[in-house]
Number of protein chains: 2
Amino acid sequence: MSLRNRTSHGRGAQRAGPYGLGTRHAAMPYRHAATTQAATVAASPSDPTWDVAGGSERGNALHPLANVEENRRLFDYERSVKDKFAAIIPVLKEIAAIQHEPGFVEQAQNVASARLGFALPANILEDAWVEQLDMRTLYAHCVFHAFHWAAERFCDEQARQQVTMEQTLCSLFDCGFHEVDFSPCADGRLMGLVTFVLRLPYGAVRRKSYAGAMFDVEANVRHWMRTEFYRHREGKPSLPDAGTRYLKIAVYHWSSSDPAHEGCAAHGSNERDAAEAALNRLVAFRQAIENSFCCGASVDTLLIGVDTDTDSIKVHVPDADGAMSLFRYVDSAELYRQSAGLDVGNAHLYVHRAIQEAARAEGWAQGNGAPHEGMLRLMASLLINNLSQIEYVRQNHGGRYSDIGHNELFISVGEGFEEVQIRNLTYYAAMYTVEEGAADLDIGIKIFTKLNVTHGLPIPIIVHYRYDSRVPGSKQRIMAQCQRVKVAIEARYSELKQRGLLVCAMAVQDKMPGSRIEMLNDEAVDNGH
Amino acid sequence: MSLRNRTSHGRGAQRAGPYGLGTRHAAMPYRHAATTQAATVAASPSDPTWDVAGGSERGNALHPLANVEENRRLFDYERSVKDKFAAIIPVLKEIAAIQHEPGFVEQAQNVASARLGFALPANILEDAWVEQLDMRTLYAHCVFHAFHWAAERFCDEQARQQVTMEQTLCSLFDCGFHEVDFSPCADGRLMGLVTFVLRLPYGAVRRKSYAGAMFDVEANVRHWMRTEFYRHREGKPSLPDAGTRYLKIAVYHWSSSDPAHEGCAAHGSNERDAAEAALNRLVAFRQAIENSFCCGASVDTLLIGVDTDTDSIKVHVPDADGAMSLFRYVDSAELYRQSAGLDVGNAHLYVHRAIQEAARAEGWAQGNGAPHEGMLRLMASLLINNLSQIEYVRQNHGGRYSDIGHNELFISVGEGFEEVQIRNLTYYAAMYTVEEGAADLDIGIKIFTKLNVTHGLPIPIIVHYRYDSRVPGSKQRIMAQCQRVKVAIEARYSELKQRGLLVCAMAVQDKMPGSRIEMLNDEAVDNGH
């Protein structure tokens with residue numbers, strides 16, 4: 001069910017009430033949900049939903065390692081954000097219906113404030129009498145507002161998570177890593193990777209997405225250098241002789257329900273190609289550092305795959321040399337099934353044993369021994385964390401998302417919002433210029449043409465870059481950059497723009513941790529503040 | 001006199017022979033040159049040529065601090081390169097005249113090989129009979145070949161200069177600087193800054209040009225960080241506790257002959273605006289580093305101005321806090337005049353005293369005391385070096401260049417050639433995408449429309465980026481980048497391109513020191529090697 005077509009309450013809302021997780025009725029809605037929402041894929045033993053969740057044998061029991069409390073908290077967050085967006089179209093429909101009535105402007109603002117939580121642009125409402133209400137601009141305005149609200153909510157949430165973040169940093173440090181740097185695919189279905197799929201707190205790891213997980217080797221070498229610079233010069237986050245490592249993780253994805261169509265577009269929906277390309281990029285990154293710097297400079301690398309239909313993962317186990325294989329991995333869906341009936345202690349043990357077994361695999365999967373102890377522990381943590389997410393999808397989405405394909409609500413262009421950690425909320429195109437990023441943007445426009453334009457809705461785009469408040473003139477330059485990219489986007493898709501089917505907003509944000517997103521308008525940019 | 005209009009021997013060639021510098025006739029051509037070439041600005045005591053060179057009172061005596069040997073070597077180099085370019089049009093005219101004769105292809109190749117030193121593209125010559133010879137493509141081909149020849153010559157020369165370079169690095173280190181990083185304006189008339197104007201060997205300092213000297217603060221902070229990273233991690237070029245500093249120098253320019261028209265285009269030919277903008281950028285850079293990093297991170301900065309008509313300089317003297325003023329500087333033209341009649345020892349002393357005096361200046365020029373000893377010595381060295389260049393211009397160009405305006409031969413787009421160290425050879429537009437660099441490129445196209453297109457000649461453009469051979473895939477990515485930028489340029493100026501009036505070449509180069517330029521063709525890029 002698309003959020004765009006909703007006319008009453010959202011799916012999230014249907015799940016609320018007495019069937020919330022953690023109550024004694026916690027398991028109840030699952031069957032119901034599975035029946036109504038995953039109806040097309042149910043009832044067969046080879047059905048993947050069935051497989052991941054453990055099938056009918058287990059009934060509604062929770063996995064012993066699932067974090068019920070965290071799942072409830074995350075579901076509240078996901079639901080509140082999605083509800084915010086889902087409310088837009090019903091409210092606009094209601095407002096559209098009364099546009100020619102007396103006292104329309106006031107009525108419309110009342111409805112918007114009550115149901116959306118913000119006011120609509122007065123000038124658009126006031127001009128409705130001339131021809132009709134400019135619904136496209138209003139829709140985009142609402143999407144931008146809902147996003148800003150969600151981002152603010154995320155910041156508040158994260159501020160409360162400060163302690164968890166510090167604990168996670170300590171755990172990563174215990175595993176021997178002073179920096180964990182994710183390069184997932186930029187696909188909207190992976191936007192929940194850190195917070196949901198791997199259950200890592202915001203700020204504890206770095207995430208920068210690239211189409212097809214094809215991260216920029218040169219830019220990543222520069223980031224490595226920056227990290228090492230701080231270690232050498234300021235002893236942060238660890239001293240150079242602490243023996244810790246920089247860990248680079250590439251994340252590819254596939255679709256278990258429709259592998260030939262709903263996998264990674266950048267690799268023709270071929271799981272193997274996607275995994276191989278990401279692995280090659282990791283090898284190149286490591287080689288670049290080993291070749292370019294002396295004194296034994298190196299990094300650890302890790303390859304992870306995500307099934308975007310179920311959020312289960314494959315963790316490719318490095319060998320003692322740090323080398324990985326497409327054939328040597330631990331599959332969390334399999335782990336879930338095998339360990340679901342165990343007690344907590346044995347389930348833990350089972351995860352660790354599965355990794356050890358993978359490390360000893362033979363044939364095509366064979367590697368040169370097991371990785372170092374810290375890497376083993378990290379992989380176990382990620383897999384255990386992911387069991388909670390499998391449970392989350394099982395409980396809240398019938399074991400398999402109903403929107404297995406693209407279903408994003410807006411396009412994000414630029415450096416990417418840390419604040420977007422929810423699956424299928426935004427299509428992200430990483431770029432500093434349209435000239436370089438045109439290919440990714442074209443794909444986004446194609447997706448949204450199908451999702452929005454065919455329904456008469458505009459494509460909402462937010463151009464977003466970060467400035468450094470410590471650097472004089474930085475904010476002004478970044479604002480000018482937003483404007484430049486916006487102009488280039490509007491020029492590339494001028495026909496959509498002219499028809500009101502492409503609406504571009506701009507946002508800047510300080511690089512300092514905890515900074516809020518500042519939405520811009522054209523006038524602010526022209527005035528330089 | 002433009003190289004484009006030459007039909008016989010170049011100006012350089014006229015200067016060769018018995019009147020070469022360092023012979024007993026060394027001073028002879030000066031008068032002659034001044035009479036014939038600077039005729040419009042001669043004969044008045046307030047005439048700037050007169051001023052800079054010391055006027056008639058001194059006759060033809062050389063400045064005691066001028067390096068005669070170096071001046072001869074540089075003149076040979078400048079002349080050989082400019083002659084190479086100057087030969088193109090006469091040779092092409094000759095070939096054009098015989099294009100319909102029997103045995104044309106062979107004859108043309110003989111003429112080209114003998115007079116230019118390289119063959120012309122056979123297919124163009126062979127197609128001449130159909131309509132007529134494609135002169136535009138031939139011209140561009142010759143310019144690219146001449147440039148490549150000049151670049152190779154420069155590399156050979158620099159390999160021989162290894163010792164001088166190391167001595168200079170030691171001297172800079174003695175002055176307390178482990179890195180000296182120039183950001184001159186990208187104007188073609190400043191391309192001789194390092195090698196000619198300041199007499200520093202290639203490789204001893206960094207040079208990266210920006211339109212209007214408006215260097216990218218963020219990119220420069222990254223370069224600073226990179227430099228400090230190597231110091232901390234590898235102890236190169238100095239250990240972190242060596243007490244040395246990073247020195248950033250911005251270089252603006254003006255024209256003393258036609259200040260309102262031939263100054264810096266980026267600042268409306270206003271010397272004061274150009275100087276002030278460069279100074280502000282230096283202040284911002286220093287602040288950025290002081291604000292962004294702890295433990296007393298800072299840099300030294302220096303502001304230099306160049307009169308592009310005479311190559312004399314103004315060095316703005318920092319005070320004890322490192323602060324500079326537009327009003328506190330030492331003018332090398334003035335120094336030249338005042339110290340020309342002294343002996344070597346007193347001339348040296350005079351330079352040092354002039355700096356001390358400037359540091360003690362009052363009124364608007366007043367600063368907070370003198371800079372540190374190393375900075376004083378560096379400024380003295382630069383000023384003394386520049387006296388040789390003033391002498392060079394006096395001896396070889398009549399004290400003032402005849403081409404005081406733009407007279408470049410091709411446009412260089414991308415990261416800039418280190419190999420171009422000759423005044424007015426290339427117009428440089430620094431960019432990674434046309435989207436960002438369009439404004440600079442438009443100015444270049446405007447300049448070359450006047451210089452070339454109005455004469456029916458095409459605008460030759462070389463797109464050039466550097467790869468890192470230590471990074472897997474880097475060369476391939478950089479080649480793709482060349483291709484992307486070439487396509488974007490040809491799309492932006494499609495009308496010129498269609499008329500054969502814009503010809504774009506591509507070149508890549510390894511980042512490793514001493515690497516040669518590799519010219520590419522479209523096929524090589526498509527094949528990825």
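This is a predicted model: local features need pLDDT of at least 70, side-chain atom pairs count only at pLDDT 80 or more; totals for chains, interfaces and linings use all residues.
Which hand does the crossing of α14(B) and α15(B) have, right-handed or left-handed? Keep that one in mind while we look around.

**Chain A as a whole**

Let's get the big picture. Chain A holds 19 helices and 11 strands. It has 529 residues, and 48% of them count as buried. Now think about which parts of the chain touch each other. Take the contacts in chain A between residues at least 6 apart in sequence: 71% of these join residues at least 24 apart.

Next, the place where the chains meet. Chain A puts 29 residues into the contact, and chain B puts in 28 residues. On the chain A side, four helices each supply at least two residues: α11 (217-234), α12 (271-292), α16 (434-451) and α17 (474-492). Which of the helices gives the most to this side of chain A? That's α11(A), with 11 residues. Sorted by class, the side of chain A that touches chain B has 12 nonpolar, 7 polar and 10 charged residues. And 97% of the interface residues of chain A are also interface residues in chain B, so the copies meet through the same surface.

**Helices packing on helices**

Now zoom in on some helix pairs.

| Helix pair | Packing angle | Distance between axes |
|---|---|---|
| α13(A) and α14(A) | about 140° | 10 Å |
| α13(B) and α15(B) | about 80° | 10 Å |
| α14(B) and α15(B) | about 125° | 10 Å |

Start with the chain A pair, where α13 covers residues 332-339 and α14 covers residues 344-359. Since they pack at about 140°, and angles over 145 would be needed for roughly antiparallel, α13(A) and α14(A) are therefore oblique to each other. Their crossing is right-handed. From α13(A), Leu335(A), Gln338(A) and Ser339(A) meet Ala347(A), Tyr350(A), Val351(A) and Ala354(A) of α14(A). This contact is made of 5 nonpolar and 2 polar residues, with no charged ones.

Over in chain B, α13 (residues 332-339) packs against α15 (residues 373-397) at about 80°. That makes α13(B) roughly perpendicular to α15(B). The α13(B) side of the contact consists of Ser332(B), Ala333(B), Leu335(B) and Tyr336(B), and the α15(B) side of Leu383(B), Asn386(B), Leu387(B) and Ile390(B). The classes here are 6 nonpolar, 2 polar and no charged.

Helix α14 of chain B (residues 344-359) also packs with α15(B), at an angle of about 125°. These two are therefore oblique to each other. And here's the answer to the opening question: the crossing of α14(B) and α15(B) is right-handed. Val351(B), His352(B) and Ile355(B) of α14(B) make the contact with Leu376(B), Met379(B), Ala380(B), Leu383(B) and Ile384(B) of α15(B). By class, that's 7 nonpolar, 1 polar and no charged residues.

Ala242(B) lies in the loop between α11 (217-234) and β3 (245-254). It has 13 other C-beta atoms within 10 Å, so it is partly exposed.

Is Asn424(B) buried or exposed? With 22 C-beta neighbours inside 10 Å, Asn424(B) counts as buried. Leaving out residues up to four places away in sequence, Asn424(B) touches Gly188(B), Arg189(B), Asp403(B), Asn407(B) and Glu408(B). Met191(B) is 233 residues away from Asn424(B) along the chain, and the C-alpha atoms of the two are separated by 6.9 Å.

Technical notes. Residues are numbered from 1 along each chain as its sequence is written. Chains are lettered from A and ligands numbered from 1 in the order in which they are written. Axes are lines fitted to C-alpha atoms, for helices over the stretch in contact, and angles run from 0 to 180 degrees between N-to-C directions. Angles under 35 degrees count as roughly parallel, over 145 as roughly antiparallel, 65 to 115 as roughly perpendicular and the rest as oblique. A crossing is left-handed if the near helix is turned anticlockwise from the far one by less than a right angle, and right-handed if clockwise. Two residues are in contact if their C-beta atoms, placed from the backbone, lie within 7 Å. Ala, Val, Leu, Ile, Met, Phe, Trp, Tyr, Cys and Pro count as nonpolar, Asp, Glu, Lys and Arg as charged, and the others, Gly among them, as polar. A residue is buried if 20 or more other C-beta atoms lie within 10 Å of its own, exposed if 12 or fewer, and partly exposed in between; C-beta atoms are placed from the backbone.
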